[in-house]
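User: I would like to learn how to read a fold from its elements. Can we work through one example?

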Amino acid sequence: MADILDDESAMLRACELASCCEPVDRAFNVGAVLTSAAGEVLATGFSRELEGNTHAEECCFIKLEKEGRLAEARGGTMFSSMEPCSVRLSGKRPCTDRCLEAGVARVVLAIEEPANFVTCEGVARLRAGGLTVVRWEDERCAAMAAAANAHLAAEPAGTPAPAVAPASREAPAAGPDAAPGAAASAGTE
Ligand SMILES: [Zn+2]
């Protein structure tokens with residue numbers, strides 16, 4: 001029998017799931033719980049839980065789809081520790097689109113997507129699609145959702161990451177004791 005969760009419990013579960021993610025350099029850690037209109041848990045997910053650099057919300061939909069139960073998401077609620085993405089650098093289908101297509105009625109989120117990688121318009125697009133979007137005002141959830149992404153804290157907000165890392169840009173050892181040969185080879189790219 002599936003769990004019936006109230007909003008608070010579902011949101012908490014989503015935020016807990018965010019801490020299950022394996023941190024990687026260039027992606028957020030997010031947890032998600034998808035419930036039916038009656039509050040029954042249909043699926044849960046977290047970032048990269050499934051193969052293929054998957055997102056938390058995406059994992060929920062993939063699992064439900066595999067069981068042939070995607071229709072049960074209609075009228076339901078997606079609880080996510082972070083605003084569903086509206087654009088993916090990989091070109092994969094954004095979670096916002098998946099929520100719209102599945103007929104989810106409501107999205108409840110703990111925090112907005114920080115602008116580390118792209119400008120997220122998830123909330124705006126969901127609302128434009130007729131969904132109710134609720135920012136869950138709970139300090140504990142917000143703190144959990146943010147803490148799951150502590151590995152990205154060093155990324156300057158709004159600065160797009162360079163497409164190619166300047167791997168050979170290591171500063172040559174400065175000072176008089178640097179070998180002349182090393183200085184020459186580390187010079188131009
Ligand atoms: Zn996503």
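User: How do S4 and S5 run, and how many bridges join them?

Analyst: This is a predicted model. S4 and S5 run parallel, joined by 4 bridges.

User: What is the strand order of the open sheet?

Analyst: The order is S2-S1-S3-S4-S5, 5 strands with mixed pairing. S2 (41-46) and S5 (132-135) are the edge strands, each pairing on one side only. From one strand to the next, the twist averages 15°.

User: Which strands does H2 touch?

Analyst: H2 packs on the sheet and touches S1 (31-35), S2 and S3. The direction of H2 makes about 135° with that of S2.

User: Now a helix. Which residues of H3 are buried?

Analyst: Start with the general idea. An α-helix has 3.6 residues a turn, so residues three or four places apart point the same way. In H3 (residues 95-102), the buried ones are Cys95, Thr96, Arg98, Cys99 and Ala102. They cover an arc of only 165° around the axis, so they lie on the same side of H3.

User: How do the elements of the protein run from the N terminus on?

Analyst: They run α-β-β-α-β-α-β-α-β-α-α. That is 6 helices and 5 strands. Of the 189 residues, 38% count as buried. Among contacts with a separation of 6 or more, 67% come from residues 24 or more positions apart.

Key:
Residues are numbered from 1 along each chain as its sequence is written. This is a predicted model: local features need pLDDT of at least 70, side-chain atom pairs count only at pLDDT 80 or more; totals for chains, interfaces and linings use all residues. A residue is buried if 20 or more other C-beta atoms lie within 10 Å of its own, exposed if 12 or fewer, and partly exposed in between; C-beta atoms are placed from the backbone. Helices (H or I, at least four residues) and strands (E, at least two) are DSSP runs, numbered from the N terminus. The arc is that of the directions from the helix axis to the C-beta atoms. Two residues are in contact if their C-beta atoms, placed from the backbone, lie within 7 Å. Two strands pair if DSSP finds at least two bridges between them. Axes are lines fitted to C-alpha atoms, for helices over the stretch in contact, and angles run from 0 to 180 degrees between N-to-C directions.
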